Amino acid sequence: MGYQNNVLRINLKEKKASTEPLRMDFARKYIGSKGLAIRYMYEELDPGIDALGEDNKLFLTTGPLTGTPVPCSGKLSVAAKSPATGTMNDCSIGGHAGIKIKFAGYDMIIFEGISEEPCYVVIEDDKVKFLDAADLWGRGSHEAEAVLAEQYGTDYSIMSIGPAGEKLSNMACINSDYYRQAGRGGIGAVMGSKKMKAILIKGTKGVKVADIEKTTDRILEILHDDVLQEDNTFVYDAGTTAFLEACGDGGIVPYKNFSGANDPEWEKYNGDVLMQYREGKRGCGSCGLGCGNFLKIGNAVCEGPEYETIAVAGPNAGITDPEHIVKFNEVCDNMGLDTISAGDTIVWAMEMTEKGLHDFGIRFGEADKMIEMVELMARQEGVGADLCKGVKYCSEKYGGTDFAMQVKGLEFPQYEPRGSWGMSLAYAVSDRGACHMRAYAPNVEVFAAAVPPYTSEGKGQMVYELGEFNAVKFSLCICDFWGTITYDIMAEMLTMITGEKWTAEEMGEVGRRVLNIGRAFNQREGFNRANDTIPKRLVREALGGEGPAAGQKIPQEAFEDMLDQYYEVMGWNKDGTMPEELIRSIL
Ligand code: SF4
């Protein structure tokens, strides 16, 4: 129950589709979504394959709760080997695609091979069609989706890429239902490498659960008693714009390419200002919280902007204009670029220009040029041809590696680690490079102030526990913003839906396994301690700007101490590798 026990495998080269049973032995160990996708990747992607070659595969993976009334369970995992990092990569995307996949009768869709010509794929229950995308190729993601929505109607969920994905940029994203993104690690480039412009999905089936009446009653109780409390519902009011103030209070909002923290002019573009321009609300399927906000300022429109986009297009770029922030969000989405990686790369280029190290033709505060740069990067024209490859590539070519804010080739989310030392460890050990969706240290070190932020003490265990929790939560397809969920609730819901007994303790075991299978994938690709690094800026430069973290830096020995602690908690070797028996035990 809960599962469809069915995988749709689509070969784009041969234009063939087939079905096969879901590997329930994997599902019992990894549940679904994130964990299941990584386990399949470990099984099916040979080490050393070209992430943009025909051997890489694109995995769209749901979980047993997807398509049920469980609150906040409508997200979808999109996974592949990353062209940006060479690691595994799984992204979570909102909207309705996950539920449509489930209603079409599948737990998972796996795309293989490369189409000879640009195509799009239409899936309606058991039918799969391969169609010519010549007229869509080159168009913005929003434009392509509008054309398809006009032709097919709104019963289909649409996932699409923009020009950045077609041109195989390391920072290309996949859009869904216009404004939701699988953003990170160049996942859109993998879809582009398959010459697949869009995927349309419609499903008319249901999902069987063990005891529908009992389940519905209990889910309503959980919705009212746990989900709909202030710690979660704040995202309904203002999305993640509220994080700007919370992060500012802790001194971790990056300023001018992480050279400082906390813009003194932040009130010009904070949540109160942005929400004055709200024109509508939206939520993913099965959501009980509805964090989506449609904003229109002048001729700029987006759903969001999320905190990450506000911070990178605002203070991190030395810009205070809210219309610019919304425009940056809109253009990145339409061009199919991840706002975090595109933004970080541009602000790095601003610093390079200002320091006289290389003239990229853009300086801090230049809002119009920042928007032009996004277009150049998406179309790989002028300086955009290099910048679209990200800060790791560019800094190795032009210099400025000390302030290239990335780990393993993935650019930093917008949390300054000198104000949350655990975040430096979280970025370093994240299985897909610098990511805030693995262990989210500011929750403990900054917002709750439960652990002192400027020390290495206890950070290995803390980052492990945070990572374990998110790993299982996302394997259940539960949205990040249901922040109060517990292992007890997860186990109870999984038991109700599947009819199989799950315990809170097993939730933790699954989370640990998911962390390990991601690491095992990367180890096979040659990753070890040498890759678990942080940029020198964090070690050598005292944090500038304002706020409680000003003046902080992370001594190298403190960072190495945190790494040692984390490896010990995980049972890994001192060099960051996993013992072979540990790998065998999780397969
Ligand atoms: S809280 Fe937001 S991201 Fe999460 S499921 Fe609801 S609408 Fe989607």
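**Chain fold, ligand site and selected loop residues**

Of the contacts in the protein chain between residues at least 6 apart in sequence, 69% join residues at least 24 apart, where contact means heavy atoms within 4.5 Å. The structure is a predicted model, in which local features need pLDDT of at least 70 and side-chain atom pairs count only at pLDDT 80 or more, while totals for chains, interfaces and linings use all residues. Residues are numbered from 1 along each chain as its sequence is written, and side-chain values use heavy atoms, with hydrogens and water left out.

The protein chain contains 24 helices and 20 strands; helices (H or I, at least four residues) and strands (E, at least two) are DSSP runs numbered from the N terminus. The radius of gyration of the protein chain is 22 Å, which agrees with the value near 25 Å that a compact globule of 587 residues would have. This radius is taken over C-alpha atoms, and the globule rule is 2.2 Å times the number of residues to the power 0.38. Along the principal axes, the C-alpha atoms of the protein chain fill a box of roughly 60 × 50 × 45 Å. Of the 587 residues in the protein chain, 63% are buried. Buried means under 20% relative accessible area, exposed over 50%, and partly exposed in between, computed with a 1.4 Å probe on protein chains only.

The ligand is surrounded by K75, R180, G283, C284, C287, L289, G290, C291, C479 and F481; a residue is near a molecule if one of its heavy atoms lies within 4 Å of it. The shell around the ligand divides into 6 nonpolar, 2 polar and 2 charged residues. In this division Ala, Val, Leu, Ile, Met, Phe, Trp, Tyr, Cys and Pro count as nonpolar, Asp, Glu, Lys and Arg as charged, and the others, Gly among them, as polar. The space that the ligand takes is the second largest cavity. A cavity is a set of points, on a 1 Å grid over the protein atoms alone, where a 1.4 Å probe fits but cannot get out. A molecule sits in a cavity if more than half of its atoms lie within 2 Å of its grid points.

Several loop residues have backbone features of note. G304 and P305 are joined by a cis peptide bond with omega about -10°, and P305 is found in the loop between β17 (300–303) and α11 (307–313). I31, a residue other than glycine, has a positive phi near 65°. The loop that holds I31 runs between α1 (24–30) and α2 (33–44), and I31 is buried because its relative accessible area is 0%. D125, also a residue other than glycine, has a positive phi near 50°. D125 is placed in the loop between β7 (119–124) and β8 (127–132) and counts as buried, at 13% relative accessibility.

Two further loop residues are partly exposed. E500, in the loop between α20 (487–498) and α21 (504–524), has a relative accessible area of 39% and is therefore partly exposed. Not counting residues up to four places away in sequence, E500 touches R28, L494 and T495. The C-alpha atoms of E500 and A210 are separated by 8.8 Å, although the two residues are 290 residues apart along the chain. G551 is found in the loop between β20 (544–545) and α23 (556–570) and, at 48% relative accessibility, counts as partly exposed. Leaving aside neighbours within four places in sequence, G551 is in contact with A542 and L543. From C-alpha to C-alpha, G551 and A261 are 10.0 Å apart in space and 290 residues apart in sequence.

Conventions. 1 Å grid on protein atoms, 1.4 Å probe; cavity = no way out; pocket = protein on both sides within 12 Å on 5 of 7 lines; lining within 4 Å.
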